Amino acid sequence: MKQKKGKIRSFAKRLTWGIALTQLIVMALASYYIYKLADGLIKEEEQDLYKSYLAVSHSSIRAITQEVALGTINHRAQIEDNLGQPDKMADIMEQIVTGNPHVRSCGISFVADYYPQKGRWFCPLVVKGDSGQVERRFVGDAAHDYLKAEWFTKAMKADSSYWSKPFFDATDSIPLVAWLMPVHDKQGRTVAVVGADLSLGWFSGKRIRGMDYEGNSFSVYIGSDPHEISGSGNAGLEEMRDRRWRLFSYNFIIDKDGSYIAHPDTSLVIKGNYFECAKATADTIDDEIGRRMAAGNRGFYSDAEGEPAHFEYFDFDGYNAYMFYEPVEGTSWSIALAVPRMLVDGIGMVTGTVMLILIAIALLVTRIVGRIIIKRATNPLKKLADSAGEVAKGNFNTPLPRIKHNDEIRLLRDSFEGMQHSLSDYVDELKKTTASKAAIENELRVAHDIQMSMLPKTFPPYPERDDIDIYGTLTPAKDVGGDLFDFFIRDEQLFFCIGDVSGKGVPASLVMAVTRSLFRNISAHVAEPHHIVKTLNKAMADGNETSMFVTLFVGVIDLHSGLLHYCNAGHNSPLIVSRNVSLLPCDPNLPIGIVNDWTFTCQQIELEPQSTIFLYTDGLNEAEDVTHAQFGEQRIIDVANSFTGEDTGQPAAIVGEMDTSVHRFVGNAEQSDDLTMLAIKYMKTHGN
């Protein structure tokens, strides 16, 4: 029963007073915005600070590697001028070692038998001990053949100077990396490699002094925890104490393969790998940063644009951390600074926590007051929702609640009541329609099963024969389709056909069934393909009031001689797949069912042993992708070309590959036509 309508008052207006209290949320959002702005400024300040630390570390390492490299390069001419005096090589190596405080050892390794009087191996090596004493050695023998070592063969082949992969010295206790430089004789041939060894132990615990972005001096350690801070200039004692906890971070260095060059945990140097350590966590960002470092990218500014890169954090060594990194010029290394996230976000987190507590209290008060007001206003909606739930369950006669207020909820209730009656009528009609549709769909399924049962479905069809192999498929675009194929053997001749009925759906399926039955009946008594087609045409053309027609290809193979007689009635020309791919030449006959007295021609060709006839309907070459581009005849030929040669492949393989290719091309586009493929391989060798 409808309630009496009166003057409608705005439901939204009654809720306005309650919603007004929630304006406090706007204040909370404004506070949050201010917090985010302040937090961003703090992060920028911290970012600049840590970039300063990284820049100083990079500059120091770059200076040392350059000093080692240049110190070695400066002796190249002296070495090459004295190649005729092998005994002077050790003197030059000692000059390099004593002239550079960072070089632990230096040696020159000559190619085999360069000095016959010295033997096959000649490698003077000068080693500087921890106390500064210099020791000369000669390394290289059958047990320690440096000629086969990777660093030597690579340096000889590259014929250019570069830093080697990190390695341990002969005692396997000191990690080293070597600057490798080729040496040439007067004819320009590479005859030796000089290796100046730099101890990686120098990097761990090395303190570098520098200036931060405010002009304050500081100390930072490479490869270890930078706990020690020294200040001067504008930075007072209290400020330095405040800075100390923010510097609980560390540097490390990796090469392009991820091996650690320097790390606070010295057991990881050389023996550890960044990417192996990264596998211990589910985080993938650290893997990506490792790949960027190995590729020589920068982690805080873009080389091309100079704009800030993503300031991201991730799980590193068991804690959330930011990463700053950049390549070490002149090497394949990358230096990084890992900074715990709490060091960068700490101040913002404390400020934000206090603000969020205050906001939470305000929101709680707003929540309580707003809840009381809104609950009273929306109580009719709850009742109406309960009734709607019952209607949704199918109880269309469920009574609707009475609404006291003449507002939008009252209008909604009346509209829902009208919908309730409409739904009841609609469901009754839908039940009738659904039952009718289900019956039609069931009949179509039965028709599909009947149609498919008419086609060959056992492959290989003649497993006892070694002269013929056949495989075919038919995929209708709808429940039933108008394509057909068939084959059988009579009197040692293989009769086969493939056809495509104009149109789709049930009418095409009926014509398909008639055509297939006629083919079987006629070819059981007639052996000439053009007579079979002529008889089929006459039967289809008589009384063809729907003007439907069938493109048809009929062939007969003499299994003793390999001679193929065929007649093509407007169908796609088949492919012959043998040593190459070729189109079977076909006369331009009309499809059957159009002209009653059309004269169909017969053609013949002798099949080569191991050749395959590939037949298909236009559902293959005219298959379209989402842009309506067609698969086309050329793509069919391209796929068939992959089966040419001595062994043209099995028919099932050809059909399968063609099916895969066309579905890959079509993608998600809906199938627009029936797709039928038939492959027949003639395998008998003539004379057998």
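Tutor: The account below starts with the whole chain, goes on to the strand and its neighbours, and ends with other regions for context.

This is a predicted model, in which local features need pLDDT of at least 70, side-chain atom pairs count only at pLDDT 80 or more, and totals for chains, interfaces and linings use all residues. Residues are numbered from 1 along each chain as its sequence is written, and side-chain values use heavy atoms, with hydrogens and water left out.

The secondary structure of the chain comes to 15 helices and 24 strands; helices (H or I, at least four residues) and strands (E, at least two) are DSSP runs, numbered from the N terminus. Of the 688 residues, 44% count as buried, where buried means under 20% relative accessible area, exposed over 50%, and partly exposed in between (1.4 Å probe, protein chains only). Among contacts with a separation of 6 or more, 63% are between residues 24 or more positions apart; a contact means heavy atoms within 4.5 Å.

Now the strand itself. β17 covers residues 493-501, and eight of its nine residues are buried. On one side in the pairing is β16 (residues 483-490), joined to β17 by eight bridges in the antiparallel sense; two strands pair if DSSP finds at least two bridges between them. I489 has L494 as its bridge partner in β17. The hairpin of β16 and β17 has two residues between the strands, and D491 takes a positive phi near 55° there. β17 also pairs with β18, again antiparallel, over nine bridges, and the partner of F495 in β18 is V556.

L494 and F496 also belong to the largest nonpolar core, which has 46 residues; together with I557, I592 and I680 they touch the most other members. A nonpolar core is a set of buried Ala, Val, Leu, Ile, Met, Phe, Trp, Tyr and Cys residues joined through side-chain atoms within 4.5 Å. Leaving aside neighbours within four places in sequence, L494 is in contact with I468, I470, F487, F488, I489, G555, V556, I557, L559 and I680. A second, separate core holds 45 residues, including M93, F110, F122 and V339.

R490 is found in strand β16. Not counting residues up to four places away in sequence, R490 touches F495, S523, A524, H525, V526 and A527. One of these, A524, is 34 residues from R490 in sequence and 7.7 Å away in space, C-alpha to C-alpha.

Helix α12 (residues 529-541) has 13 residues, which at 1.5 Å a residue should span 18 Å, and its end C-alpha atoms are 18 Å apart, which agrees; the expected span is 1.5 Å times one less than the number of residues. Buried in α12 are P529, H530, I532, V533, L536, N537, M540 and A541. They cover an arc of only 155° around the axis, which puts them on the same side of α12; the arc is that of the directions from the helix axis to the C-beta atoms. The buried residues of α12 pack against β17, α11 (505-523), β18 (550-558) and β19 (563-569). After α12 comes G543, with a positive phi near 70°.

For context, another buried strand is β2 (residues 124-128). Five of its five residues are buried, so β2 is largely enclosed by the rest of the structure. P124, V126 and K128 point one way from β2, and L125 and V127 the other way. Strand β1 (residues 103-110) is joined to β2 by three bridges and runs antiparallel to it, with V127 as the bridge partner of S105. Five bridges join β2 to β3 (residues 134-138), also antiparallel, and K128 is partnered by V134. The hairpin of β2 and β3 has five residues between the strands, and G132 in the turn has a positive phi of about 100°.

Aromatic residues complete the context. F110, Y114, Y115, F122 and F138 form one aromatic cluster, and F110 and F122 are also members of the second core. The whole structure holds 19 aromatic pairs; rings of Phe, Tyr and Trp (its six-membered ring) pair if their centres lie within 6.5 Å, with planes under 30 degrees apart counted as stacked, over 60 as edge-to-face and the rest as tilted.
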